[in-house]
Amino acid sequence: VIASEFGSPVEIKNGANAMAIDPNGRYAYVVSAESNTLTAYEIHVQSGGLRSLEGSTMTEKEPVSIALTHDGSFIYVVNKGSGSVSIYQVDTTTGLIKKNSKKVIVGKDPVDIVIGPAGDYVYVINEGSRNIMIFRLNKVNGDLQRVGEINTGPKPVALVMTSEIKQ
């Protein structure tokens, strides 16, 4: 349950699959695979309550995971049903999602996404392709450029990245 007005609970349309919070802790973003949507929420500073911002944005088929750039200006949504990652620009002042998105095909049945500690690389794990795709992240326009892949064993399902950078 998420509040449309702080302290006023309202049910999330068709459930939530994943949530990400912007780096300043002011906005939360939720994807729903049932409704193929990405929705933005404002976080109340004192209570932690959430209030829905302007409507939902349609995603590709079956969004299951989400990541934000370290500065909060781009959202990456993993779409398992379409084998893609959608890229959305965010107005970091208002938290609103800009309606035009870009799409990158990443493999069969992608299930998770992580942005590396320095914010330069994006890693997408593909359950069906049994691999991790590696992309260079363009911090100016949010574009992803494929730079490699790592084969995994059967049924990879999640990624975790340490924040420690070793020289």
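## A pair to start from

Met 19 sits across from Val 30 of strand 4. That strand covers residues 27-32 and is joined to strand 3 by four bridges, with the two running antiparallel. Keep in mind that this is a predicted model.

Leu 38 is the residue facing Thr 57 of strand 6. Six residues lie between the strands in this hairpin, and Gly 48 has a positive phi near 80°.

Now for the packing. The largest nonpolar core has 18 residues, and the ones touching the most other members are Tyr 76, Val 85, Ile 113, Val 122, Val 124, Phe 135 and Leu 144. At least two residues of this core come from each of strands 7 (63-68), 8 (74-79), 9 (84-90), 11 (110-115), 12 (121-126) and 13 (131-137). There's also a second, separate core of 15 residues, including Ala 18, Ala 20, Leu 38 and Ala 40.

## Around Phe 135

Which residues is Phe 135 in contact with, leaving aside its neighbours within four places in sequence? The list is Val 104, Val 106, Asp 120, Tyr 121, Val 122, Val 124, Leu 144, Gln 145, Arg 146 and Val 147.

Notes
Residues numbered from 1 in each chain as written. Predicted model: local features only at pLDDT ≥ 70, side-chain atom pairs only at ≥ 80, totals over all residues. Heavy atoms only, no water. Pairing = 2+ DSSP bridges. Core = buried A, V, L, I, M, F, W, Y, C linked by side-chain atoms within 4.5 Å. Buried < 20%, exposed > 50% of the residue type's maximum accessible area, 1.4 Å probe, protein only. Contact = heavy atoms within 4.5 Å.
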